[in-house]
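This briefing sets out selected features of one protein chain, grouped by topic. Please read it alongside the sequence and coordinates shown below.

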Amino acid sequence: AHFESNWVFDSAPGGLVAGGKLLRLRSQEWQGKTCHLLTLKLPVSESSGFKVREERETEVADGAELRSILEGLGYRVAARYEKIREPWHMDTVEVELDILPFAEVVELEGRAQDIESVERRLNLDNAEISTKSYHELHQEWLRQNHKPAQLSFVFDEAQSEYWRTKLGLTDKAATNPASTRQS
């Protein structure tokens, strides 16, 4: 399991999100290791009840520097979100156990027929199934709980400290792409 911090970038007029694209910088933190990934997700297409989305992703060495580059190019942080992710593989399917500040979710990623097989094997046939993004699920949760709309969802300070301690993470600033460097 690891702690994830995500920054969603968009142009000032909101052109990426309006076009169904997502540009994300992700920081994954394990005890003694951090990985930064830049991802571009292209528009969603629906196929037989599954969400199909092409992703282009690359690992980057310095998350803070890449964030600075993106902001220098005119992109802005449109939203932030955090989660605890525990990844598993079952056959050819990625099974992600995610703890979000507002829900616990199982995400299955793979070919449609393989996902259906894994759903049955995990006895998820009767679980509530959705192809909605975490942002869409968050907006629904806010409405259902009579809370104002907001794009970001991050752990509060106590939750963050609890998870960081449980995962053995102690130095927040050193691995956080939002932190800045002093020259």
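Glutamate 29 is buried, with a relative accessible area of 3%. The model in which this residue is described is predicted.

- Glutamate 29 belongs to strand E2, which spans residues 22-30.
- The side chain of glutamate 29 is joined to that of arginine 164 by a polar contact of 2.8 Å.
- Because its relative accessible area of 3% is under the 20% limit, glutamate 29 counts as buried.
- Histidine 2 is located in strand E1 and is likewise classed as buried, at 2% relative accessibility.
- Beyond its neighbours within four places in sequence, histidine 2 is in contact with Gln28, Glu29, Trp30, Lys83, Ile84, Arg85, Pro87 and Leu167.
- A polar contact of 3.0 Å connects the side chains of histidine 2 and glutamate 4.

**Salt bridges**

- The structure holds 15 salt bridges.
- One of these joins the side chains of glutamate 4 and arginine 26, with an N to O distance of 2.9 Å. This pair links distant parts of the chain, since glutamate 4 is in strand E1 (residues 2-11) and arginine 26 is in strand E2, 22 residues apart.
- Aspartate 91 and arginine 121 form a salt bridge in which the closest N and O atoms are 2.3 Å apart. Here too the pair links distant parts of the chain: aspartate 91 is in the loop between E7 and E8, and arginine 121 is in helix H3 (residues 112-121), 30 residues apart.
- Aspartate 91 is exposed, with a relative accessible area of 58%.

**Helix H4 and its cover**

- Helix H4 covers residues 134-144, and its buried residues are Tyr134, His138, Gln139 and Leu142. Viewed down the axis of H4, these buried residues fall within an arc of 140°, so they line one face of the helix.
- Arg143 and Gln144 are exposed on the other side of H4.
- The buried residues of H4 are covered by elements that include strand E7 (75-90), strand E8 (93-99) and strand E9 (104-109).
- Histidine 146 follows H4 and has a positive phi, near 55°.

- Isoleucine 99 lies in strand E8 and is partly exposed, with a relative accessible area of 21%.
- The C-alpha atoms of isoleucine 99 and isoleucine 84 are separated by 5.0 Å, although the two residues are 15 residues apart along the chain.
- Leaving aside its neighbours within four places in sequence, isoleucine 99 is in contact with Lys83, Ile84, Glu104, Phe155 and Trp163.
- Which residues make a nonpolar surface patch of about 270 Å²? The patch is made by Trp88, Leu97 and Val106.
- Within this patch, valine 106 is found in strand E9. Valine 106 is partly exposed, with a relative accessible area of 40%.

Key:
Residues are numbered from 1 along each chain as its sequence is written. This is a predicted model: local features need pLDDT of at least 70, side-chain atom pairs count only at pLDDT 80 or more; totals for chains, interfaces and linings use all residues. Side-chain values use heavy atoms; hydrogens and water are left out. Helices (H or I, at least four residues) and strands (E, at least two) are DSSP runs, numbered from the N terminus. Buried means under 20% relative accessible area, exposed over 50%, partly exposed in between (1.4 Å probe, protein chains only). A polar contact is a pair of N or O atoms within 3.5 Å; within protein, one must be able to donate a hydrogen and the other to accept it, and residues adjacent in sequence count only if both atoms are side-chain atoms. The arc is that of the directions from the helix axis to the C-beta atoms. Contact means heavy atoms within 4.5 Å. Patches are made of residues with over 30% relative accessible area and no salt bridge: like charges are joined within 9 Å, nonpolar side chains (Val, Leu, Ile, Met, Phe, Trp, Tyr) within 5 Å. Accessible areas come from the Shrake-Rupley method with a 1.4 Å probe; for residues, only the protein chains shown count as cover. A salt bridge is a side-chain nitrogen of Lys or Arg within 4 Å of a carboxyl oxygen of Asp or Glu.
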